[in-house]
Structure formats: structure tokens, C-alpha cells
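Please read this briefing with the sequence and the 3D structure side by side.

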Amino acid sequence: MSQPSVKPIPEGMHTLTPHLVCAGAADAIEFYKKAFNAVEGYRLPGPDGKLMHGSVVIGDSMLMLVDENAAWGTLGPKSLKGSPVTIHLYVPDVDAAVAQAVAAGATVTMPVADMFWGDRYGVLQDPFGHNWSVATHQRDLSPQEIQEAMPKMDTMNKTCT
């Protein structure tokens, strides 16, 4: 039973928080600082120097990190040869944010384009194998308007995920 004065969700956290496994979590923290203006929160190095826990804040959201460790059953996307997960990041200027992330070492996997659902949107892969979709919301659309716009998307470039 928790103490009455202890909040069940700690200050600064949201109900849902991504926790990434990285081969080189300390390097990932440095990358996220350069790529996404992350602010480092905390590092807990283990006895072998690998991070047992790390955290950064990007915008208003916390991102937790840990070094991969096969003995714990935690492997990053490079060890797993890919990831089925994409982390979505809303920013004020998607074009500038993607350019900044690329300059820091990310790879564009889908160029930024205007999407039928009202976002300007692109997809990156960070140097640790994690996928990031980055977007700036441009238009508020009803579900019906989105449904009607979907067939008109650029099918040649498949600019939709």
C-alpha cells in the first residue's frame, strides 16, 4: 500500500512512457540531445558501466533508456534486426526537426510530406535502430474528411504509413 502523500504517478511523468533498449544508451542520450533537444534527466550506471536506467525529456514527455543486456532479456533493435515500434514526435516545425535529427546522425526512411490526415510528416531511424515519426499538425479534419482524402494520397510515393 502506498503512502498517502506519495503520488501514484511521479511528478513529471505521464501515464504511458516509452522505455527504449539501446546498444549504447549513454550514446543514445547524447544523440537525443542533439537530434531532438532532449534534456537529460537521470543516469544510473551499473557496475560494468552500462546504463541500468537513463532518462531524457523531449518536449513535455519523458523517455527512459537502458543498455541492452542479453542476460536480462533486453535487446535493442539492432540486435533484433529491426523494431516493429515507431515513436511519434509532434514538433512545431517538422522540416527543421528532421534536418536537425539528420545532422545529428538519423537516417530518413520516409521524406517529410503533407499527409491526408492533416499532418506534415516524415519518418527517421536513429543510429540505435529506433524508428521515429515526426510531424507538425497543419489542419484539423473530421474522420469523414480524412476518410475522403485517403484515396487521393500520393500512391506513387506511398506517402502514408
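## Spaces, surface and salt bridges

The structure holds one cavity of 30 Å³ or more, where a cavity is a set of points on a 1 Å grid over the protein atoms alone at which a 1.4 Å probe fits but cannot get out. This is a predicted model, in which local features need pLDDT of at least 70 and side-chain atom pairs count only at pLDDT 80 or more, while totals for chains, interfaces and linings use all residues. Residues are numbered from 1 along each chain as its sequence is written, and side-chain values use heavy atoms, with hydrogens and water left out.

**Cavity and pocket**

- The largest cavity contains about 30 Å³ of space, a volume being the space filled by probe spheres set on grid points that are joined across faces, edges and corners.
- Its lining is formed by Asp48, Lys50, Leu51, Met52, Asp67, Glu68, Asn69 and Trp72, where lining residues have an atom within 4 Å of a point.
- The largest pocket has a volume of about 450 Å³, a pocket being an open set with protein on both sides within 12 Å along at least five of seven lines.
- Among the 24 residues that line the largest pocket, Ile58, Gly59, Ser61, Leu89 and Tyr90 are the closest to its centre.
- Strand S5 (86-90) is one of the elements that supply at least two residues of the largest pocket's lining, and S5 gives the most, with four residues; strands (E, at least two residues) and helices (H or I, at least four) are DSSP runs, numbered from the N terminus.

**Salt bridges**

- The structure holds seven salt bridges, each being a side-chain nitrogen of Lys or Arg within 4 Å of a carboxyl oxygen of Asp or Glu.
- One of them joins the side chains of arginine 43 and glutamate 30 (2.7 Å, N to O), and this pair links distant parts of the chain, with arginine 43 in strand S2 (residues 39-45) and glutamate 30 in helix H1, 13 residues apart.
- Arginine 43 also forms a salt bridge with glutamate 40, in which the closest N and O atoms are 2.5 Å apart, and a network of salt bridges links Glu30, Lys33, Glu40 and Arg43.
- Arginine 43 counts as partly exposed at 30% relative accessibility, and glutamate 30 is partly exposed with a relative accessible area of 32%; buried means under 20% relative accessible area, exposed over 50%, and partly exposed in between (1.4 Å probe, protein chains only).
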